[in-house]
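Work through the exercises below with the model open. Try each task before reading its solution.

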Amino acid sequence: MPAVVLRLSGGEPPSVAQLVIYGAAVVAASFVLAWAGDAAQVDISGGFAIAILAFIAVLPEYAVDLYYAYTAGSNPDYVQFAAANMTGSNRLLLGFGWPLVVLLALYAAGRVSKKPVHQLALGADNRMELGFLLVAGVFAFVIPITGEVHLVMGLILIAWFGFYVYKLTRGEPEEPGLIGTAAAIGALPRQRRRAVIPVLFVLAAAVILLSAEPFAEALVDSGTELGIDQFLLVQWLAPLASEAPEFIIAALFAWRGKGTAAIATLISSKINQWTLLIGSLPIAYLAGGGSASLTLDDRQIEEFLLTATQTLMGVAMLLTLRFHRGSAWLLLALFAVQFPITSTHGRLVLSGVYLVIAAALFVRHWRLILPTLAAPLRRTTQ
């Protein structure tokens with residue numbers, strides 16, 4: 001409410017105050033979206049519901065990042081912020097979100113079994129998601145190689161995401177496991193539930209649309225006021241605000257013994273970000289007055305390379321459909337290491353570490369590479 005009142009009144013408090021007010025609105029709206037999306041699974045079941053939930057959860061991230069890309073069409077200085085926001089959200093999701101959920105799930109399982117549990121088993125159907133992410137992950141190396149995100153590449157990634165959603169609609173329906181506010185909404189009588197959920201979606205979307213532009217601008221201006229690198233502030237604070245509810249809800253699922261469903265949702269979110277989000281950037285850039293190619297500088301190329309190698313390592317770790325405790329800690333440690341690394345040399349070395357680990361895992365489990373790549377193309381039944 002403070003953000004809505006401030007935006008409609010035209011008030012302009014200091015940048016840091018705007019950052020707090022509009023950032024809080026984005027977080028609150030993200031919670032509402034997550035609750036409504038979760039409750040919608042009562043009426044839309046199966047893997048398609050997971051994809052819808054993952055898409056809804058990253059809508060705030062899209063609003064901020066596409067604003068940067070659109071503005072970059074007329075102001076080249078904003079290209080760096082579009083790249084920063086996208087790479088930060090992806091690395092935060094895989095480097096922090098995945099390990100958090102897995103470690104919580106293993107701890108919760110250990111409490112029940114009264115003995116240590118060292119790995120989280122994924123479902124056989126999750127190989128399809130890994131196949132989609134592996135193809136997109138390899139294809140995304142075109143970006144650091146060419147130094148640009150071209151419109152044609154964007155359209156290919158969007159089409160790949162569309163095919164992913166289509167495959168999910170062919171899957172078997174599942175009974176959703178709702179908790180907290182989402183469970184209360186899902187328990188409403190059918191007619192009331194189907195009336196309440198769209199209202200929540202519209203309410204949250206309206207708040208996000210009102211808050212996205214001033215929040216994005218406040219991030220940049222606050223960096224100047226506080227003496228903090230604007231690139232780093234946009235890269236980490238905006239994704240943390242928009243993805244916090246998703247992480248919290250996934251963590252609650254893991255804590256309550258639904259670790260496989262929790263990590264499946266975050267894998268779906270990763271596919272979403274690594275296909276639809278990247279693919280949308282050159283479209284927004286073109287719509288904002290730019291060319292058909294969003295050109296990156298050396299720093300942005302390094303960030304894309306680091307994100308691409310991390311993605312490849314994440315997929316390689318899950319080829320066996322087992323998420324080991326050690327893998328979770330390794331992902332988390334490598335994610336934490338990047339913060340004190342501020343040099344080009346350091347980012348390239350860290351990218352090399354990700355790539356070497358990924359290559360070693362691919363060699364070790366080479367028999368699973370082709371089945372994973374073929375999984376998206378296999379016929380599924382409703």
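The exercises go from the whole chain to single residues.

This is a predicted model, in which local features need pLDDT of at least 70, side-chain atom pairs count only at pLDDT 80 or more, and totals for chains, interfaces and linings use all residues. Residues are numbered from 1 along each chain as its sequence is written, and side-chain values use heavy atoms, with hydrogens and water left out.

**Exercise 1. The whole chain**

Task: describe the fold content, the extent and the surface of the protein chain.

Solution. 
- Step 1. Take the secondary structure. The protein chain has 16 helices and four strands. Helices (H or I, at least four residues) and strands (E, at least two) are DSSP runs, numbered from the N terminus.
- Step 2. Compare the radius of gyration with the globule rule. The radius is 20 Å, close to the 21 Å that the rule gives for 382 residues, so the chain is as compact as a globular protein of that length. The radius is taken over C-alpha atoms, and the rule is 2.2 Å times the number of residues to the power 0.38.
- Step 3. The C-alpha trace spans about 55 × 55 × 40 Å along its principal axes.
- Step 4. Look at burial. Of the 382 residues, 54% count as buried. Buried means under 20% relative accessible area, exposed over 50%, and partly exposed in between (1.4 Å probe, protein chains only).
- Step 5. Check the contacts. Among those with a separation of 6 or more, 84% come from residues 24 or more positions apart. A contact means heavy atoms within 4.5 Å.
- Step 6. Finish with charge. There are 23 positive and 23 negative side chains, and the centres of the two sets lie 18 Å apart. Lys and Arg count as positive and Asp and Glu as negative; His and the chain ends are not counted. Each charge is placed at NZ of Lys, CZ of Arg, CG of Asp or CD of Glu.

**Exercise 2. Aromatic rings**

Task: how many aromatic pairs does a search of the whole structure find, and how is Tyr68 paired with Tyr78?

Solution. 
- Step 1. Count. The search gives 18 aromatic pairs. Rings of Phe, Tyr and Trp (its six-membered ring) pair if their centres lie within 6.5 Å; planes under 30 degrees apart count as stacked, over 60 as edge-to-face and the rest as tilted.
- Step 2. Classify. The ring centres of Tyr68 and Tyr78 are 6.1 Å apart and the planes are at 40°, so this pair is tilted.
- Step 3. Tyr68 is in helix α4 (residues 59-72), and Tyr78, ten residues apart from it, is in the loop between α4 and α5 (79-113). Tyr68 is buried at 0% relative accessible area. Tyr78 is buried at 9%.
- Step 4. Find another partner. Tyr68 also forms a tilted pair with Phe81, at 5.7 Å centre to centre and 45° between the planes. Phe81 sits in helix α5, 13 residues apart from Tyr68. Phe81 is buried too, at 3%.
- Step 5. Note a cluster. Phe132, Trp160, Phe161, Phe163, Tyr164 and Tyr166 form one aromatic cluster.

**Exercise 3. Positive phi**

Task: is Lys114 buried or exposed, and is Leu321 buried or exposed?

Solution. 
- Step 1. Recall the background. Most residues other than glycine have a negative phi.
- Step 2. Read the angles. Phi is near 65° for Lys114 and near 60° for Leu321.
- Step 3. Locate them. Lys114 lies in the loop between α5 and β1 (119-121). Leu321 is in the loop between α13 (298-317) and β4 (322-324).
- Step 4. Read accessibility. Lys114 is exposed at 73%. Leu321 is buried at 9%.
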